[in-house]
Amino acid sequence: MDDDAVKPADDDEPTGKHAQKPEEAASEGESGKPDSAIRDSEPLDDTKVLKAEEPPRRSAPPQEDTPPWDSPGRPRNAVIGILLTVALLGAAGLIGWAMLRPSIEDGSTGAVSDPSGPCELRTVDEMPGDGGVPAVEGIPERSTAVLTTNLGQVTVMLFGDLAPCGVASFTHLSRQGSYNSATCPSMTSALTEPTLILRCGIPTDQGGPGYRVRGEHPFADTAVVDALALVNDADGRSGAEFALIRGQSVPTNNLTVIGQVIDGFGVLDSITAQGGAASYAGPPPMPVTVLTVTVLGGPPGPSSSSGSGLPGLPSGPR
């Protein structure tokens, strides 16, 4: 036997279809395919490989000077920014309005609400409400008011010492012309005293002077005669409505008595007669209009047939 016919197992060379040339083995890639298989397959697309390997791209952040609501692709931020801006402007407007409102409501006098003052003066938002507010300082203890109506004149003595807030308000409104051409919308007449309650001025539930003063009750539970009284609202504060009361009466908390009629009783009695023999309540059958109210400083002269308005002292003719 020839020695070359038998070789150790480690030295055997592959034969047949398992035989592989060294250069072919070297040409196999990591995929384990020969070059011929790679050549026969579809060529590799470098672009697809790069896209698969790269992480997802993100859009660049907006520039530092770009407002949040101008950032591209962020419409929700724009809406939020606009709403916040509107809210801030609205808050600033409300603060400014609250700071300026007292000076607007108080009119040209420059006075302001004084809830803690002696008259508890409060401005309110109502019409006409454009005549300023009264000043209590300087109100005399006694003064005279002349009410000129379409049926004649009625003269009243005002009690500045007993109802200073009410007298100050009535005087202020009279001098502002608030009662000029004011109608008297309602009256109540009866056969017993008080025989007439005539309400004039602006009803408290229909407007007013733009302010209220506290009610005063110097004659609580005490009878008064031929009174001039302010009509208080539901909170016990008086505005621009007043009442002329003919005869004796005991004022309630709905009224602030500020004076007493000292002349013009015939005018009041003629209005009472319009109601007829029976009791009457409603608008005066013959319209009554207050043309002017003039307040004169100081008490009436000694020749006047005046009463004091105080309990037990004389009043007008009965």
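In this predicted model, Gly266 and Ala273 are exposed on one side of helix H6. The helix spans residues 265–273. Its buried positions are Phe265, Val267, Leu268, Ile271 and Thr272. Viewed down the axis of H6, these buried residues fall within an arc of 160°, so they line one face of the helix. Gly266 and Ala273 lie on the other side. In an α-helix, residues three or four places apart point the same way, because there are 3.6 residues a turn.

Strand E8 covers residues 224–232. The strand is mostly covered, with 9 of its 9 residues buried. E8 pairs with two strands, E9 and E10. Strand E9, residues 237–249, runs antiparallel to E8 and is joined to it by 7 bridges. Within this pairing, Ala227 has Ile245 as its bridge partner. E8 and E9 form a hairpin, with 4 residues between the two strands. Gly236 sits in the turn and has a positive phi of about 80°.

Strand E10, residues 255–263, is also antiparallel to E8. Here 5 bridges join the strands.

Asn232 belongs to E8. Its relative accessible area is 6%; buried means under 20%, so Asn232 counts as buried.

How values were computed:
Residues are numbered from 1 along each chain as its sequence is written. This is a predicted model: local features need pLDDT of at least 70, side-chain atom pairs count only at pLDDT 80 or more; totals for chains, interfaces and linings use all residues. Side-chain values use heavy atoms; hydrogens and water are left out. Buried means under 20% relative accessible area, exposed over 50%, partly exposed in between (1.4 Å probe, protein chains only). Two strands pair if DSSP finds at least two bridges between them. The arc is that of the directions from the helix axis to the C-beta atoms.
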